[in-house]
Amino acid sequence: MSSSKVKASAKIKKHQTLGTDVYEMWIENKAIADNAKVGQFVALYCRDGSRLLPRPISICEINKATHSIRLVYRVFGAGTQEVSCYVEGELIDVLGPLGNGFDLKDNQVSVIMGGGIGIPPLLELCKQLKGEKHIFLGYRDTLFLADEFEQYGKVYVATEDGNVGHKGNVMTLLKEQNLKIDQLYACGPKGMLKAIQDYALNNTIPAQLSVEEKMACGIGACLGCICETKDETMKNKRVCKEGPVFLAEEVAL
Ligand SMILES: Cc1cc2nc3c(=O)[nH]c(=O)nc-3n(C[C@H](O)[C@H](O)[C@H](O)COP(=O)(O)OP(=O)(O)OC[C@H]3O[C@@H](n4cnc5c(N)ncnc54)[C@H](O)[C@@H]3O)c2cc1C
Ligand code: FES
């Protein structure tokens, strides 16, 4: 294990719901918070022995002063259901920080696009990235974190049911704006990333896409999270190690 990532117990400083089945959890661990970079993730270990594999969750915010990181997650299956019951003051076993993270291109016109539970890692990105920012957030129905993005740039919201903001997806919303984009960053479901990849390649816009794959070890040892790339020397890359962030021209979605 490299010196920058550790497996450690972290103290749960704050844990509350942000909406239906969506929770925020601030956890404190100096080694993890000090080394954390934008777009990286951590792996959470459950206490129930039947759930051996750690669950990957993106780093939503980093507070180096308090040695803590914020995670925002949706209850999906048994592991995240278990974690949602942990209370403030308890400890949780965490491995991280993991993955490569985003490469920040400052002082440009940046478009940041998030879908669903791909939105959380974009908050720290928007906080750290300098320059003009246009932030497109796509939700199924209920919003979370949207108001927090407003301090960092212009926010455009799309919901599938049209309950709030634009009815439809972030891609149609982006096309309507006709922006001159220098750099694009995105995280979300594969269909959305594929549409963004096509748009970026067709319009020669540099884009960084954070890709999600099912994971087992989280540290590059099991090859369980392979995705195909156009790199001839290393065709199959590990999302947990060489990713989760890939260039649009590099990854096959
Ligand atoms: C790099 C990365 C970052 C992520 N960040 C977030 C986040 O910030 N917030 C959030 O809500 N979700 C995030 N996810 C998805 C999250 O990891 C899964 O929802 C979670 O692992 C499901 O675990 P479970 O025990 O609740 O579900 P189960 O279905 O019981 O999980 C069974 C197994 O499959 C794995 N698994 C299931 N779905 C996924 C998935 N989509 N990705 C990876 N492994 C999966 C689990 O880790 C576990 O080992 C991220 C996934 C990846 C790969
Ligand atoms: S999850 Fe094991 S190599 Fe990525």
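Predicted model: local features only at pLDDT ≥ 70, side-chain atom pairs only at ≥ 80, totals over all residues.
A search of the whole structure identified 4 aromatic pairs. In one of them, the ring centres of F102 and Y185 are separated by 5.8 Å and the ring planes meet at 80°, so the pair is classed as edge-to-face, the threshold for that class being an angle over 60 degrees. F102 is located in the loop between β7 (91-98) and β8 (108-115), whereas Y185 belongs to strand β12 (residues 183-187); the pair therefore ties together parts that lie 83 residues apart in sequence. Both F102 and Y185 are buried.

A further pair is formed by F136 and Y156, whose ring centres are 4.2 Å apart and whose planes are at 5°, so that this pair is stacked; an angle under 30 degrees is required for that class. Strand β9 (residues 131-139) contains F136 and strand β10 (residues 154-159) contains Y156, and the pair therefore ties together parts 20 residues apart in sequence. F136 is buried, with a relative accessible area of 0%, and Y156 is likewise buried, at 8%.

Rings are also involved in arrangements with charged residues. K7 lies over the face of Y45, at 4.2 Å from the ring centre. In the case of R47, the charged end sits over the ring of Y86, at 3.7 Å from the centre of that ring.

Around ligand 1 there are 20 residues, of which R55, P56, R74, T80 and E212 come nearest. The side chain of R55 places an N or O atom 2.7 Å from an oxygen atom of the ligand. P56 approaches through its backbone, an N or O atom of which lies 2.5 Å from an oxygen atom of ligand 1. A backbone N or O atom of V72 is found 3.0 Å from a nitrogen atom of ligand 1. Taken alone, ligand 1 exposes 810 Å², and 86% of that area is buried by the protein.

F149 is placed in helix α4 (residues 146-149). With a relative accessibility of 0%, F149 counts as buried, since the limit for that class is under 20%. When neighbours within four places in sequence are left aside, F149 is in contact with I119, L122, L123, C126, I135, L137 and V155. For one of these residues, I135, the separation from F149 is 14 residues in sequence and 7.7 Å in space, C-alpha to C-alpha.

Methods
Residues numbered from 1 in each chain as written. Chains lettered and ligands numbered in written order. Heavy atoms only, no water. Phe/Tyr/Trp six-rings, centres within 6.5 Å; stacked < 30°, edge-to-face > 60°. Helix = DSSP H or I, 4+ residues; strand = E, 2+ residues; numbered from the N terminus. Buried < 20%, exposed > 50% of the residue type's maximum accessible area, 1.4 Å probe, protein only. Lys NZ or Arg CZ within 6 Å of the ring centre and 35° of its normal. Near = heavy atom within 4 Å. Polar contact = N/O pair within 3.5 Å; in protein donor to acceptor, adjacent residues only side chain to side chain. Areas by Shrake-Rupley, 256 points an atom, 1.4 Å probe, with all protein chains shown as cover. Contact = heavy atoms within 4.5 Å.
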